[in-house]
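Biologist: Hey, I'm new to this one. Could you walk me through it?
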Amino acid sequence: MTVDAAPDRSDPLVVPNSQHHVGLSIRGQLTVLFSDGETLDCADVKGLSAVRSAQEITTLPDGRPRIAVTRLMTHFHSNETGLLIQQNPARPNLGVLTGLRPGGAEALLPADVVFEQYLIISLRGRLYLNLDPLVMEAKAITTFPPVGTTFLSRTPTTFYDVAELEGGLYATAAGSAKPRLALASTSVCGSHVTHEIDVPTD
Amino acid sequence: MRAAVVLRAFEILVVLTFAGVRALFSRRRADLLADVVVRLGPTFLKVAQLLGTRVDVVPLEVCRALARVYDDLPAVPVSEAEQRFPARLRADLVGVVPAAAGSIACVYRGELRDGRHVAIKVRRPGIDRVVARDLAVLGSVARLAESLRVLGGMPVVDVVGEVGDAVRQQLDFGAEAAALRELGANLVAVAGVRVPDVIDEYCGPDVLVMEHLPGLRDGAVSAEAKRAATITALRAVYQMIFLDGLVHCDLHPGNLYAMPDGSAVIVDAGFCRRMTESGRRAFAGFFYRMTRGDGAACADVVLATATATARSDPEGFRTGMIRLVESATRDSVADFDLVPFTVRLFALQREHGLAADPAFVFPILSLVVLEGTLREVCADVDFQTEALPFVLRGMMT
Ligand SMILES: Nc1ncnc2c1ncn2[C@@H]1O[C@H](COP(=O)(O)OP(=O)(O)O)[C@@H](O)[C@H]1O
Ligand SMILES: [Mg+2]
């Protein structure tokens, strides 16, 4: 394992087969909506995120390179509201990064990137999870991991109380449970890197 | 009754024949349609207005023509109307003037001894018999039209039956009072919406008495106030269809008023429909999945609620639905156009042998009726963003 203090994150060749742990603080809008109409704005969210990209790239019919990205860890919290967001370990959290130009690995950046996330929210003593993925996307990113770029989640995502779902964390269908809150993150931007570890996986 | 029905059928035939001849020479067919409907009298007028909202079965151009049919009839004189007032109301009134006259009822403004102003809605005398007779004629015409397939495969008998029910429902002032009361209570949740209070002690079988809301037709409303009021009305509709389940399906400009302070006044609960709890939640779920661009999940919701006919084709429907939702969400959310989307949604169900669930028809009707006003006053309104808080809460409750 090598630890590189300052990898060149704008080099597309760092994308394949790499693993990044990033600490960030988030700027933007993260709002929790409750069934009674209450909304909770979480302005002071910070935390850690880790991603690993696949070794193999695939090529789209139009020649652009694409690579799968797995999110290994998500851990964000807001001290003011007590909100804690983690990744649901029971489900894969996958993303894809697609280069904008045709080519091989050297064309992986700039890219469009989409993550489908399954999360666990801990709030006010209860745990909630989403059954529909929380989709976050960023267009034309020029660095990887894309710290500093704005991620958009087009629409809010509903969350269920884990205790009300058959199968708990492993549930994949709502059954008779109703969603208990919704997370709307219209624009989220990891504003700065607090630390970063780049770990090539071979 | 029978002789009356036959005579009436003959009269209708004469009016239609003349109109048909004029239509051959006229380019303004839409105006002509409105004219014919007015000539045919109150039942046809109401039927036409209601049909004009049925984008699920009536072509959009025809709906737009029918939306221009307004009932503006002479009022029943005060002296005649007063005879129908309950004794208690008559005793407490110190003055009455006509305020509005529709095909089924007239509205008067009254002043009570204690100084309060009331709106008194009185059913036109004999209107129940006229409506019963005309609906009988219309029912026969519908059966004939369906058996001759003059309107293609349109389920004429069902549609005329549903619209007839809605007209009949407008004769039931007890139900209207109850609906108005409930709407008023529900819409307290939406800031800036007012629904007149019902004054129970003065109501009678033919008479609905409400607090009088002044200045509805004063006209001096700024463009900003109109815009604010219209967006408020849209939120009120979202509150009804996603959260409350009691839906005012008739929010045309005669029943929805923008006030100078930007608030919205809603009157006339004569055409309200109640969604079932499961229907309401299914509808909210559909909308949520649509905004996420998940056409397959939308198709699941519709397939679980619609009634399959003999020639239903769920797989074809699913494919069409995925394509429809994709095309609707590909562009920016703000460009989403509700009415064409709805028209396609209903057409898709028909093409694949599915009959839309009322859980979907009525909420969409109420949005479609409001759409004319929205288009005129705030064409840039973002339907989906405005809807989302209501949709999400609708799923959670
Ligand atoms: N509470 C009220 N206060 C003031 N005006 C009213 C009130 N209720 C009705 N009106 C006026 O009377 C008109 C007709 O009443 P409405 O209930 O809509 O009857 P209709 O069923 O014939 O359409 C409305 O368009 C409105 O202008
Ligand atoms: Mg009215």
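Biologist: Which side chain does B:Lys121 join in a polar contact?
Modeller: The side chain of B:Asp268, at 3.2 Å. A polar contact is a pair of N or O atoms within 3.5 Å; within protein, one must be able to donate a hydrogen and the other to accept it, and residues adjacent in sequence count only if both atoms are side-chain atoms. Keep in mind that this is a predicted model: local features need pLDDT of at least 70 and side-chain atom pairs count only at pLDDT 80 or more, while totals for chains, interfaces and linings use all residues. Side-chain values use heavy atoms, without hydrogens and water, residues are numbered from 1 along each chain as its sequence is written, and chains are lettered from A and ligands numbered from 1 in the order in which they are written.

Biologist: Okay. Where is B:Lys121, and is B:Lys121 buried or exposed?
Modeller: B:Lys121 is in strand S3 of chain B, residues 117-123. Helices (H or I, at least four residues) and strands (E, at least two) are DSSP runs, numbered from the N terminus. B:Lys121 is buried, with a relative accessible area of 11%. Buried means under 20% relative accessible area, exposed over 50%, partly exposed in between (1.4 Å probe, protein chains only).

Biologist: What else does B:Lys121 touch?
Modeller: Leaving out residues up to four places away in sequence, its contacts (heavy atoms within 4.5 Å) include B:Phe173, B:Glu176, B:Asp206 and B:Met210, and B:Asp268 is listed too.

Biologist: And which residues coordinate the magnesium ion?
Modeller: B:Asn255 through OD1 and B:Asp268 through OD, at 2.1 to 2.2 Å, hold ligand 2, the magnesium ion. The two sit 13 residues apart and link distant parts of the chain: B:Asn255 is in the loop between strands S6 (246-248) and S7 (256-258), B:Asp268 in the loop between strands S8 (264-266) and S9 (272-274) of chain B. Donors are N, O and S atoms within 2.8 Å of the metal (3.2 Å for Na, K and Ca); water is not among the atoms, so sites may look incomplete. B:Asn255 is buried as well, at 5% relative accessible area.

Biologist: What is the phi of B:Asp268?
Modeller: Near 65°, a positive value in a residue other than glycine. Most residues other than glycine have a negative phi, and most peptide bonds are trans.

Biologist: Which residue in chain A has a positive phi of about 60°?
Modeller: That's A:Asn17, which is not a glycine. A:Asn17 lies in the segment before S1 of chain A and counts as buried at 14% relative accessibility.

Biologist: Where are the cis peptide bonds you know of in chain A?
Modeller: One joins A:Leu109 and A:Pro110, with omega about -5°. Another joins A:Phe144 and A:Pro145, with omega also about -5°. A:Pro110 is in the loop between strands S6 (94-99) and S7 (111-117), and A:Pro145 is in the loop between strands S10 (134-141) and S11 (150-151) of chain A.

Biologist: Switching to A:Leu30, how far is A:Leu30 from A:Asp41?
Modeller: They are 6.1 Å apart in space, C-alpha to C-alpha, and 11 residues apart in sequence. A:Leu30 is in strand S1 (residues 18-34) of chain A and is buried, with 9% relative accessible area.
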